Amino acid sequence: MTYFGLIANNLLEGTKVTLTVFALTWVFSIPLGLLLAMLKNTNLKLIGRLLDFYTWIIRGTPLLLQLFFVVYGLPILFGEFFLMPEILGAVITFIINYTAYFIEIFRGGMNAIAKNQYEAASVLSLSKSQTFIYVVLPQTIKKTLPSIANETITLIKDTALVSAVAISDLMRNTKDTVARDFRVEAYFLAAIIYLVLTYAIVYLFKKNEKKKAFYR
Amino acid sequence: MRKLAVLVLMVLATVSLVGCQSSKTDLEYILDKETFVVGFTDFPPMGYTENGKATGFDIELAEAVMEKLGVKLETRYIDWDAKVLELKSKKIDAVWNGLTITEERKLEMTFSNPYFDNNLIIIAKTTSNINTIADLEGKNIGVENQSSADIATAKNQVIMNGVEAVKKYNTSAEAMLALNAGQVDAVIVDEIYARYKVLKETEGYSIGTEIIGSEQYGVGFRLGDEKLSARIDEIIDELYEDGTITELSIKYFGVDLFVRD
């Protein structure tokens, strides 16, 4: 138990970094995903094509590769302008990556809304923005909530990838602790921390799903 | 009840198996299984992967030694941070990859006699004019995580107080990539790696004039594998006397860097 106390500090320091990457990614990529999903559903062909290309690249390559590309590839290829602190590079990469997934999730949710609802909205003489805010958005959020919860859990675990670009997150500090002390207890403590974080997410989403249950 | 009986049997079987193993010496264990697994990571020119195959000075040396010992050499790419765990779990039989002999590591591994001299040096872009420890003031430096460069840097108060940050990478090659990208201003690394990998194959880097520390390489065996360690030292001595090793050193480094007491 005392050994756990000794290493806990180091691991919790890493957890702060893990949570920073997680929170920034989540807060930016969900609104961005929603916005771009709306754009993709409009009749603008060019924007649709561009977004298709974007999702194709991002979903078709490993996040780790994208991370290395942003942190090391960009400054080597295009000079100092692209040189940024690793943590910023990591957050930007994660936002770009997760936005691509959220676009597809939201788009699917929006497309699942029946046509006659749009017709009803126009009969009620709701404007386009009113239709979106009062008819489309609430149902989209309700429908996509389980998928978003899934992505959010994946995101927590994906943050471990940042340890590969010299960022001291929970994963990196755990590995360091094991290598330094030649003891494996840190693995267990890290697993517990990740489990607590993912459980908190599951709990929050469950609560929210219940709140939104009145649509059914 | 039957489940319990099966469980008891399994436990007994395991205990007796473990018992059998412990009655064999470490050398007999290797000779019996007829393979010797060397753990290595990406650390040219000592050990690295080329075209999917492990090669390098240490790997070729290990091959020559195992041929004499009469067992097959297997190589296993390991996570350098997990080298002691790899040894303990018997996934590998030795870490043989430019492994620096340190007092801390002696508590966790049994070492062969030292076979190589190596210094820790500063490498930076030539244009940055970083040559001495004093030049590192306010700079970002990179090291391979848990390497001897990492350990020596952490102990050096002058460096630690002066630098902006010490960033840690999975391999020396990744630290050099970060240097190229500008994420760090200098990298502290083994001279052998710097001289025979970086300076040979790329331009624009130079080695500083001040040495951070000096160290010796040895083969790391499981703690307590004294018989195995002694036998392999014997074979290395023989190979050095008949000139095999000198030839190998010249092939990789241009000079004979091998040391024998």
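Predicted model: local features only at pLDDT ≥ 70, side-chain atom pairs only at ≥ 80, totals over all residues.
## A right-handed helix pair in chain A

The crossing of helices α7(A) and α8(A) is right-handed. Helix α7 covers residues 170-181 of chain A and helix α8 covers residues 185-211 of chain A; the two pack at an angle of about 165 degrees, with axes 9 Å apart. An angle over 145 degrees counts as roughly antiparallel, and α7(A) and α8(A) are therefore roughly antiparallel to each other.

Which residues bring these helices together? From α7(A) come A:Leu170, A:Thr174, A:Thr177 and A:Val178, and they meet A:Ala186, A:Tyr187, A:Ala190 and A:Ile193 of α8(A). By class, the contact of α7(A) with α8(A) has six nonpolar residues, two polar ones and no charged ones.

## Where chain A touches chain B

Helix α7 of chain A also has a part in the meeting of the two chains. Across that boundary, 14 residues of chain A are in contact with 15 residues of chain B. On the chain A side, α3 (63-78) and α7 each supply at least two of the residues that touch chain B. What is the make-up of this side? It holds 10 nonpolar residues and four charged residues, with no polar ones.

## The five-stranded sheet of chain B

Next comes a sheet in chain B. Five strands make up an open sheet with mixed pairing, and their order is β4-β1-β5-β12-β6. Which strands lie at the edges? They are β4 (72-77) and β6 (109-111) of chain B, each of which pairs on one side only.

Within the sheet, strand β5 (residues 94-95) and strand β12 (residues 220-222) of chain B run antiparallel and are joined by two bridges. One residue pair to look up here is B:Ala94 with B:Phe221, its bridge partner in β12(B).

## Backbone details in the loops

A few loop residues deserve a look at their backbone angles. In chain B, the peptide bond leading from B:Pro44 to B:Pro45 is cis, with omega near 0 degrees. B:Pro45 sits in the loop that runs between β1 (35-40) and β2 (48-50) of chain B.

Two residues other than glycine have a positive phi: A:Ser125, at about 50 degrees, and B:Lys90, near 60 degrees. Where are they found? A:Ser125 is in the loop between α5 (115-123) and α6 (128-158) of chain A, while B:Lys90 is in the loop between α4 (83-88) and β5 of chain B.

Terms used
Residues numbered from 1 in each chain as written. Chains lettered and ligands numbered in written order. Axes fitted to C-alpha atoms, helices over the stretch in contact; angles between N-to-C directions. Helix = DSSP H or I, 4+ residues; strand = E, 2+ residues; numbered from the N terminus. Parallel < 35°, antiparallel > 145°, perpendicular 65-115°, else oblique. Left-handed = near helix turned anticlockwise from the far one by under 90°. Contact = placed C-beta atoms within 7 Å. Nonpolar A, V, L, I, M, F, W, Y, C, P; charged D, E, K, R; others polar. Pairing = 2+ DSSP bridges.
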